[in-house]
Amino acid sequence: MTTCCVLIPNVATAQNTTDFGAIIRLEGVEELDDNWSLAAKEDLRFDNDFSQFSRSKFSLGFDYKLPRYGLKFGIGGEYIIKYTGKHIYRNRYRYFVNASYKYEYRNWEFGYRTRFLIMQNDEEAGYYNNAFYYYWRNRLQVTYQRRFSRFKYSLSGELYSEINKDRQLQLDNLMFEGDVEYRLTRRQYLSAFIRDYRDIYIESDQIRTIYFGIGWKLKHF
């Protein structure tokens, strides 16, 4: 509670530096059986007022769900090619485990996900040198869909926290996202979303990026 009280005034009084970007997403989900599923996703991100390629992220993960209890457990990895300036691209590797819970009430669905993530990159000091970073993410999401409707609406917020070398928890980033998904066919879905991503561990300026995204998802590929 004390952390929140300290954090909110800092965010409110900091000078904003806002950028605009775009995200293009392709996603595939396959149900392997009643409990196991496989998901693959590719994100292309552009920053600097849509003018500059920022990164490519490919994700692959397995989920095990217990539908009766609303629980899901996942494990997976991500390969990232990130632009770091001066026409230099660096590799990043992420490995994660997560647990999530969903509760359905009429046309509403409420969800919570916690994820522990390890990131490995080779971009320290301008040369290839592997380094590991540890993160903890927590996301809350609410979804609304009327019965028989092709549209689904979602709002979510996620807090990014780094576990640093001193084993202390540092609040780094906060993300809000609004999403509208439209079911094209029984297997294909089209989505449009807006993401507000901002740094919250600040001393002077607050860096904020607003992304406009579009995605296409295929189920049972």
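Phe 46 is partly exposed, with a relative accessibility of 24%; the class lies between buried (under 20% relative accessible area) and exposed (over 50%), for a 1.4 Å probe and protein chains only. Phe 53, at 26% relative accessibility, is also partly exposed. The model is predicted, so that local features need pLDDT of at least 70 and side-chain atom pairs pLDDT 80 or more, while totals for chains, interfaces and linings use all residues. Residues are numbered from 1 along each chain as its sequence is written, and side-chain values use heavy atoms, without hydrogens and water.

Across the whole structure, a search finds twelve aromatic pairs. One of them joins Phe 46 and Phe 53 edge-to-face, at 5.8 Å centre to centre and 70 degrees between the planes. Rings of Phe, Tyr and Trp (its six-membered ring) pair if their centres lie within 6.5 Å, and planes under 30 degrees apart count as stacked, over 60 as edge-to-face and the rest as tilted. Ring pairs link Phe 46 and Phe 53 with Tyr 83 and Tyr 89 in a cluster.

Charged side chains also lie over rings. Arg 115 is placed over the face of Phe 96, 3.9 Å from the ring centre, and the charged end of Lys 217 sits over the ring of Tyr 189, at 5.6 Å from its centre. The criterion is NZ of Lys or CZ of Arg within 6 Å of the ring centre and within 35 degrees of the ring normal.

Phe 132 counts as partly exposed at 44% relative accessibility. Phe 132 belongs to strand β7, residues 131-144 (strands are DSSP runs of E, at least two residues, numbered from the N terminus).

Conventions. Helices (H or I, at least four residues) and strands (E, at least two) are DSSP runs, numbered from the N terminus.
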